[in-house]
Amino acid sequence: MAEGLPRRQALVGGWLLLGGLGLVGGAFFATWLDSRLALSGASRVALWLGSLSGGLTLLAVGFLLEQRLFRPLRTLHAQLARLLATPNATFTPPDGWLAGLAPELIHITSRLKDQHDSREQARHEGALDTRRVRQALETLLQHLDTPIVVCDGHRRILLFNPAAEAFFPAPGTLGLGKRLDTLFTDPALVVRFQALIDSDPAKAPLPREMLARFAERTLSINLTRLHANPAEVLITLRDVTHTWQTQLETRTRIQQALDALDAKPETLALGNMMASLSLQSEQWRSIWSDTFWDVLDEQLDPAHKLITPIGAPDGFTGHAPSLVALFDTLIKRLHGELPYCEFEGEIRRDGERRWLALSWPGEPVDTDTLQGWRVVRLESLPLAPSVEDVLNLHGSELWSDANASAGRARLCVSLPHPGPRQAPPAQRAPRPEFHDFDIAYHVSPGTPLDERPIEQLEIVAFDTETTGLDLRGNDRIVSLGACRIVNARLQMDDTFEALVNPRRPIPAASTAIHGLSDRDVEYAPSLPAVFAQFQVFTGEAILLAHNASFDLLALRPAGVSLTNPVIDTLLISKALDKALDEHDLDALAARYDLDCPPLDRHTALGDARLAAKLWLALLPRLKTRNVSTLAQLLELQKSAYAKNDGSR
C-alpha cells in the first residue's frame with residue numbers, strides 16, 4: 001500500500017533537526033577556524049556567515065517548501081478525499097506552487113461532478129418504474145394488519161411490515177439481516193422452511209402452516225415460497241393464544257357434558273353445537289391432501305419418505321398444525337409395533353362424509369390400544385393437548401379397520417365440515433416498513449466473519465456520554481445510544497437509546513456539553529441493566545465508534561466484556577490520511593460534508609449516527625485502497641494505532 005505524504009510532524013521534525021545540525025556544525029567549524037586563523041573585522045564576519053549559511057539555508061528552504069508545496073499538497077489531499085466521498089462538494093484550488101494546476105484541477109472536478117450527476121440521473125430514470133411498484137407495495141404493507149416477514153434462503157430477514165414490528169414490540173427483536181432462528185427455536189420451523197427452499201418453484205409448492213411458542217404466546221405461522229431467484233419465503237403470523245386455549249377448554253367442558261347425557265334430542269343438539277363451534281375459529285384453513293401428507297413426512301423424518309400419497313388429491317378444511325401433530329404421534333406409536341413399515345395416505349369420501357386414511361400392510365389396531373392412545377399428549381403443540389383434545393377440537397372420530405381385499409389395515413380420522421369464520425381483528429395504525437432485498441445477494445452467513453465484504457457487514461454504531469473524561473477514576477456513563485447499518489445503509493429508525501444512572505453527581509461542565517443533569521438520570525436504570533439491553537440490540541453485529549477505546553472503557557463497569565469486533569473510525573481516518581492532523585469527529589464531519597443537526601451533537605444517539613455517516617463516507621476511499629474484507633480493514637486500523645499520538 002502506498003505511503004502517501006509524510007506526516008507533518010515528521011517533516012517539521014526532520015527540517016528542524018537538519019537545520020539545527022547545520023547551524024551547530026557550522027558554529028563548531030567557525031569557532032575552530034577562527035581560533036586557527038585569528039581573523040578580525042569583515043573577514044571574521046564573512047567566516048561566520050559562510051559557516052552558518054548551510055544551516056540557515058536548510059531552515060529557509062524547509063520553511064519555503066512547507067508554505068509553498070507541502071501545505072498546498074495536504075490541502076489538495078483533503079480536497080480530493082472530500083470529492084471522492086461527496087462528488088458535489090465545493091472544491092477550493094490549492095495555492096503556492098500548485099496554484100498553476102488550478103485550471104486543470106477545476107476542470108477535472110467539474111467533469112467528476114458532471115459524471116456523477118449523469119450517473120445519478122440515469123439511475124433515477126432506470127429505477128423509476130421499480131420505485132413506483134415499490135411505493136405501491138409500501139402503501140399496501142402500511143395498511144395491511146397481518147404481520148409479514150420475508151426471508152432469504154439462509155433465513156435472513158429481508159422485509160418486515162409495521163404489523164410485524166408491532167407483533168414483536170421488544171427492541172432489537174426484528175431487524176434487517178437478522179436470522180429467523182433468533183426469533184424461533186422450534187426445529188420444526190427450520191424443517192418446514194428448508195423444505196420450501198429445496199422445493200421446485202416450477203411446481204408451485206404449497207404453503208406450510210405450524211404452531212409455535214413465542215414467550216407466553218401461541219403463534220400460527222404460515223410459510224409460503226415466493227417465485228424469486230434466489231429463493232425467498234413469505235411468513236405470515238397470527239397470535240392464536242386466546243383462541244387455542246379457549247377452544248381446548250371449551251371442547252373439554254362440552255365433551256364432559258356430552259358424556260354425562262344420554263342419547264336424547266338435547267344430546268344431539270349439544271353435539272351439533274360442538275361441531276359448529278369447532279370451526280368458528282380463525283385457525284381453520286383449506287388444506288390440500290397431498291400437501292398435508294408431505295408436511296407430515298417432513299415432520300416425521302425429513303431425510304426419508306415414509307408416506308406415499310395415493311388416490312385423487314382433494315381439499316378439506318381443518319387446523320393443519322394440530323392434525324399433523326396428531327398423525328405424527330399416531331404414526332410414531334405404530335412404528336413401535338411396525339418399525340420398518342412404510343405407509344400410504346389418502347383422503348376418502350362417502351357423500352358428504354370425508355376422512356383421512358393411513359394404511360399399512362398388516363393388521364388393524366385393536367380398540368383397547370386406540371383407547372389408550374387417546375390420552376397421549378401431543379408435546380409438539382402449545383399447551384400439550386391430548387389426542388382426544390385434538391379429535392374433539394375437530395369434531396372427529398378415530399378408528400382402525402381392515403381392507404381385506406388389499407391385505408392392508410387403516411387408521412382413519414374423520415374430517416369436519418366448513419363453517420363461518422370470526423371477524424378479522426381491528427386494523428393497526430400504519431407505519432413505514434423496512435425492506436432491503438439486496439441482502440439476499442450477500443455472501444452466505446457461514447462465510448468466516450473476517451472474509452466478509454465490508455459493505456455487507458451488519459454494523460452497530462454506538463456512542464456514550466459520561467460525567468467526565470476520567471473513566472479510570474470516578475467518571476461514569478450517563479447515556480448510551482446506537483444505530484444500525486445494514487447493507488451499507490443507515491437504518492434511521494432502528495436505534496437504541498437509554499439513560500444510565502451513574503450513581504454520582506454530574507458536573508455542571510459535563511451538563512453544558514451533553515445537556516444531561518442529575519434530574520434526568522435520577523430514575524434511570526443502572527449500567528448493567530442497560531448494557532444487557534444493548535447486547536440484545538447488538539446481537540452478533542460489528543461494533544463501530546469514533547475513538548472506540550473511550551466508549552469501551554465507559555462500558556467496562558458493566559462487568560461484561562463485548563466479544564464483537566470493533567471498528568474505530570478515528571483510527572481508520574488516521575490510517576487513510578496520515579499527513580493530516582485533525583481527525584476528531586467535528587473536523588471529519590466538516591471534511592466529508594456530513595450533516596448533523598446541532599441539537600443532536602454531543603448526544604449519544606446523535607454522535608452514533610454521525611459516526612455511522614462517517615463510516616459510509618469512508619467506504620469509497622477504502623475501496624480505492626483495495627480494503628474489501630473485515631480482515632483487511634482491521635489490519636489497516638491496526639497500522640494507525642500508536643500509543644504516543646492519542647489513538648488510545
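The following dialogue goes through terms used for this predicted model and the values behind them.

Student: What should I know before reading the values?

Tutor: The model is predicted, so local features need pLDDT of at least 70 and side-chain atom pairs count only at pLDDT 80 or more, while totals for chains, interfaces and linings use all residues. Residues are numbered from 1 along each chain as its sequence is written, and side-chain values use heavy atoms, with hydrogens and water left out.

Student: Why is Met210 called buried?

Tutor: Buried means under 20% relative accessible area, exposed means over 50%, and partly exposed lies in between (1.4 Å probe, protein chains only). Met210 has 3% relative accessibility, so Met210 counts as buried. Met210 lies in strand S3. Its contacts, meaning heavy atoms within 4.5 Å, include Asp186, Leu219 and Pro321, with residues up to four places away in sequence not counted.

Student: Why is Leu18 called partly exposed?

Tutor: Its relative accessible area is 49%, so Leu18 is partly exposed. Leu18 is found in helix H1; helices (H or I, at least four residues) and strands (E, at least two) are DSSP runs, numbered from the N terminus.

Student: What makes Leu17, Leu18, Leu21 and Leu58 a patch?

Tutor: A patch takes residues with over 30% relative accessible area and no salt bridge, joining like charges within 9 Å and nonpolar side chains (Val, Leu, Ile, Met, Phe, Trp, Tyr) within 5 Å. Leu17, Leu18, Leu21 and Leu58 form a nonpolar patch on the surface, with about 390 Å² of accessible area together. The areas come from the Shrake-Rupley method with a 1.4 Å probe, and for residues only the protein chains shown count as cover. Helix H1 (residues 8-37) gives the most to the patch, three residues.

Student: How do you know that Asp593 and Arg82 form a salt bridge?

Tutor: A salt bridge is a side-chain nitrogen of Lys or Arg within 4 Å of a carboxyl oxygen of Asp or Glu. For Asp593 and Arg82 the closest N and O atoms are 3.9 Å apart, and the pair forms a salt bridge. Asp593 lies in the loop between helix H18 (585-591) and helix H19 (604-624) and Arg82 in helix H2 (residues 41-85), so the pair ties together parts that are 511 residues apart in sequence. The whole structure has 21 salt bridges.

Student: What makes Glu298 and Arg208 a salt bridge?

Tutor: Their side chains meet at 2.6 Å, N to O. Glu298 is in helix H9 (residues 289-300) and Arg208 in strand S3 (residues 208-214), 90 residues apart. Both are buried.

Student: How far apart are Lys332 and Asp328 in helix H10?

Tutor: They are four residues apart, about one turn of helix H10 (residues 320-337). At 5% relative accessibility, Asp328 counts as buried.

Student: Why is helix H17 called mostly covered?

Tutor: Eight of the eight residues of helix H17 (residues 569-576) are buried. Among them are Thr569, Lys574 and Leu576.

Student: What makes a set of residues a nonpolar core?

Tutor: A nonpolar core is a set of buried Ala, Val, Leu, Ile, Met, Phe, Trp, Tyr and Cys residues joined through side-chain atoms within 4.5 Å. The largest one has 41 residues, of which Phe292, Ile307 and Leu326 touch the most other members. Its largest share, nine residues, comes from H10.
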